[in-house]
Amino acid sequence: MSVQVEKLTAGYGEEPVLMDVALAVREGCLCGLIGRNGSGKTTLMRCINAILKPLQGRVIVSGKEVNKLSRDKVARLISVVPQGSYSPFPFSSLDMILMGGTARLRSWQSPGDNEKDSAWKVCKDVGITALASTPFNHLSGGQKQLVMLARALYQDAPVMLLDEPNSHLDFCNQHRMMGLVHEIVKSKNKTALITLHDPNLALHYCDEVVMLKEGRVVVSGITEDVINGDYLEMALGENVKRDTTMSGLTVVVPKNVPAQR
Amino acid sequence: MKSLKRHLPWIIFVVALFWSLSLGRYAMGPVEVIKLLAARMGLEHFVGHQSPEMQLVFFNIRLPRILMSIAVGSGISLAGVVFQALFRNPLAAPDILGVTAGGCFGAALSIMLLTHLALGVQGSAFVFAIAAVSIAYVIANHSWDKSSSVLVISGVVVSAVFQAGLSMLMYFAEPYDQLAKIVFWTMGSFHIVSWAQVKTTLPLVVAGSCLLTVFGWRLNIMTQNEEDALSLGVDVNKWRLFYVVVSTLMVASSVAAVGSISWVGLIIPHIARYLVGADHKRLVPATAVLGGTFLLIMDTIARTISASEIPISIVTSIFGAPFLGYLLMSKKGGLSAGERAS
């Protein structure tokens, strides 16, 4: 197993946010994390990335307990695509991507021509070579997320954590992002955990799904089996069901919307 | 064109150096400056004998003062660039953690009460400048929130306390002697500089500049959101402490030697960013050169524009503040370029 979470209890104050969470994700698997706001998705991500120390239990990534590793060792195992990014200074997009190589450099080193070449290759893979010299803060939300994805790829860790990478993206860019992530996971045999608001994206792109509710795992398993009416209702609330469109595509839709004309 | 822009700081530096060396109450041309330097380096045989008064003015008064203004300008500008990166704030200045307030309080305390101590005004200023930042750091470290914004707030707290202490000392100071000294000191001046001060400040600034240049690229990571920096593999708390210690030593030794100097640490990083871009690998050396040049020019103005000495902070504010205003208005300015949203 590439990522293994064992009996994890974690939180910020007296009340734990996560209780007794266990999950396992194998190599080459794109795993979606679904749950309502405040269900503990981001907290789980922070525990896996060893930013939050668990109260109980442990997280094992590629056979190593992450809490016992130094930051640069964690960074060689796990890369992160955050929800949104902002830079107070006018870095170019290539500068931002090159930061992904920090863990491979000694503290006094800086990226040279070799690093720039391989960062450029990653830009090609993600299809953003045209943006490389543009100041990061001049990019649109969707372009920024692609740059952050490129940075995580350039970091070249076996495990990727994506924390709601779609939250600032329009409909088409959400699918572009998910398509890219899916392709990367399969072609480079990475392990990816991704938190998603839209169960449809999980349904269409993820191999496995973990559903969280109030800090506990409701169910986890193969996407097809897990995303059904009962589990969806348990995790997301009553107003949700699974349906099939006329063209045969499985979708998750609300049971009823008010004032349908 | 691009390479000219990149080398511009060095070109301006050399021109300003010779300009400043030749200016003063005892004027000498650039040729005489070169002759004096050559004679001192054992080439007297070729350039001829130089007059002793000229040598005295040049080597004992002008040269140490010029070296000091370059060192102080570089030191506080570098601290500015570091604090702007650490606090992710283009408006952060070197005194954000209380180093200036602590230094001024220490100097005033020494002028009024500790006159018999061997530490002297400058020693006392240095000790209190370091103490102020240490207190700010300890307070922030005891908070459950280890983010840099807590450090900024505790810096504000410490600054306020030392400011109040300074005000109290000034209130009780004997107006004609002590108060005048304190006021002149808080506005900063290079007129008292001798080789003794150069020997304590210059090595610290040179060592700090080297360290910051070597570990310059890493400052890029420190400008990222704290969790992002951790995910990239940087132990944020450890490295923040490193950068704060190096910058504080440079600023404290500068403030202790010549008093507080406003604006330089805030505006020079912006001008440097405008010239070489945001990547700290190039930004750090460019800031050091530009900061040294800027304060050298400002001090040359301060000592030559009128018969009596003008406090340096007045000159830096008169030239520095309008320039920042101009940067705010210009489209390519260091401030707006970082904040323009899509």
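Predicted model: local features only at pLDDT ≥ 70, side-chain atom pairs only at ≥ 80, totals over all residues.
Which residue in β8(A) is the bridge partner of V159(A)?

## Strand β8 and its partners

The bridge partner of V159(A) in β8(A) is T191(A). V159(A) belongs to strand β7 (residues 159-163) of chain A, which pairs with β8(A) in the parallel sense over five bridges.

Strand β3 (residues 30-34) of chain A is also joined to β8(A), again by five bridges, and these two strands run parallel. Here C31(A) has L193(A) as its bridge partner in β8(A).

Helix α6 (residues 171-188) of chain A takes part in a β-α-β unit with β7(A) and β8(A). This unit is right-handed.

## Burial of β8

Why is strand β8 (residues 191-196) of chain A described as largely enclosed by the rest of the structure? Six of its six residues are buried, so the strand is largely enclosed. A residue counts as buried if 20 or more other C-beta atoms lie within 10 Å of its own.

## Contact between chains A and B

In the contact between the two chains, 25 residues of chain A meet 28 residues of chain B. Helix α2 (residues 71-77) of chain A gives the most to the side of chain A that touches chain B, contributing three residues. By class, that side has 13 nonpolar, nine polar and three charged residues.

Technical notes:
Residues numbered from 1 in each chain as written. Chains lettered and ligands numbered in written order. Contact = placed C-beta atoms within 7 Å. Helix = DSSP H or I, 4+ residues; strand = E, 2+ residues; numbered from the N terminus. Nonpolar A, V, L, I, M, F, W, Y, C, P; charged D, E, K, R; others polar. Buried ≥ 20, exposed ≤ 12 C-beta atoms within 10 Å, placed from the backbone. Pairing = 2+ DSSP bridges. Right-handed = clockwise from strand over helix to strand, strands pointing away.
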